[in-house]
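Here is a short briefing for someone meeting this structure for the first time. Have the sequence and the model side by side as you read.

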Amino acid sequence: MKIKLSEEDRLFSLYIRNKANGICEHCKKVKGVKRLQASHYFGRRNKALRWDEKNVSALCFTCHMVVMTENPHYHTKWMEKKLGKVGFRKLTLASNKLKKWTKDELKELRASLRKKLKEYN
Ligand SMILES: [Zn+2]
């Protein structure tokens with residue numbers, strides 16, 4: 001289901017894909033930053049984790065839309081391996097929290113993402 005992408009989403013996605021150096025975190029193929037996708041484990045509707053690095057992986061189209069989206073159980077197993085059992089449990093617990101972002105917090109988030117992105121330019 002499509003939801004509107006904000007400037008935070010755009011910056012965050014770019015950061016996640018740059019951080020991965022353009023390499024798919026799952027199949028390890030070199031795809032380049034532009035061809036990777038930022039894949040959320042808990043979907044973007046979850047505001048507590050929408051811009052949480054632990055919740056998002058840089059994946060190629062096939063790994064994102066075929067491997068993970070069509071196999072939620074496999075996606076979960078893979079996330080557990082990536083984050084570790086404890087890390088995955090923490091993420092799951094954090095997903096139950098309700099988070100409302102204030103305008104100032106979003107402004108801060110954008111500034112922080114822009115700063116992180118500068119390291120990759
Ligand atoms: Zn892949």
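A residue is called buried if 20 or more other C-beta atoms lie within 10 Å of its own, and exposed if 12 or fewer do; in between, the residue is partly exposed. The model described here is predicted. The chain holds four helices and two strands. Their order along the sequence is α-β-β-α-α-α.

**Overall form**

- The radius of gyration is 14 Å, close to the 14 Å that the globule rule gives for 121 residues, so the chain is as compact as a globular protein of that length.
- The C-alpha trace spans about 35 × 35 × 30 Å along its principal axes.
- Of the 121 residues, 22% are buried.
- Take the contacts between residues at least 6 apart in sequence: 65% of them join residues at least 24 apart.

**The largest nonpolar core**

- In soluble globular proteins, nonpolar side chains tend to be buried together.
- The largest nonpolar core in this chain has 14 residues.
- Phe12, Ile16, Cys24, Ala58 and Leu59 touch the most other members.
- Three elements each supply at least two residues of this core: helix H1 (7–19), strand S2 (56–59) and helix H2 (61–68).
- Cys24 is one of the core residues named above. Leaving aside residues up to four places away in sequence, Cys24 touches Lys29, Lys31, Leu36, Ala58, Leu59, Cys60 and Cys63.

- Which residues of H2 are buried? They are Cys63, His64 and Met68.
- Seen down the axis of H2, these buried residues fall within an arc of 100 degrees, so they line one face of the helix.
- An α-helix has 3.6 residues a turn, so residues three or four places apart point the same way.
- The buried residues of H2 pack against strand S1 (37–40), S2 and helix H3 (72–94).
- Phe61 and Val66 are exposed, on the face of H2 turned away from its buried side.

**Helix H3 and its kink**

- H3 has a kink of about 110 degrees, centred on Gly84.

**His75, a residue of H3**

- His75 has its place in helix H3.
- His75 has 19 other C-beta atoms within 10 Å, so it is partly exposed.
- Its contacts are Tyr41 and Met68, not counting residues up to four places away in sequence. Met68 is among the buried residues of H2.
- Lys47 lies 28 residues from His75 in sequence. In space the two are 20 Å apart, C-alpha to C-alpha.

- Most residues other than glycine have a negative phi.
- Asn21 lies in the loop between H1 and S1. Its phi is near 60 degrees, a positive value in a residue other than glycine.
- Is Asn21 buried or exposed? Asn21 counts as exposed because it has 12 C-beta neighbours inside 10 Å.
- Lys28 lies in the loop between H1 and S1. Its phi is near 70 degrees, again a positive value in a residue other than glycine.
- Lys28 has 10 C-beta neighbours inside 10 Å, so Lys28 counts as exposed.

Conventions. Residues are numbered from 1 along each chain as its sequence is written. This is a predicted model: local features need pLDDT of at least 70, side-chain atom pairs count only at pLDDT 80 or more; totals for chains, interfaces and linings use all residues. The radius of gyration is taken over C-alpha atoms; the globule rule is 2.2 Å times the number of residues to the power 0.38. Two residues are in contact if their C-beta atoms, placed from the backbone, lie within 7 Å. A nonpolar core is a set of buried Ala, Val, Leu, Ile, Met, Phe, Trp, Tyr and Cys residues joined through C-beta atoms within 7 Å. The arc is that of the directions from the helix axis to the C-beta atoms. The bend at a residue is the angle between axes fitted to the seven residues ending there and the seven starting there.
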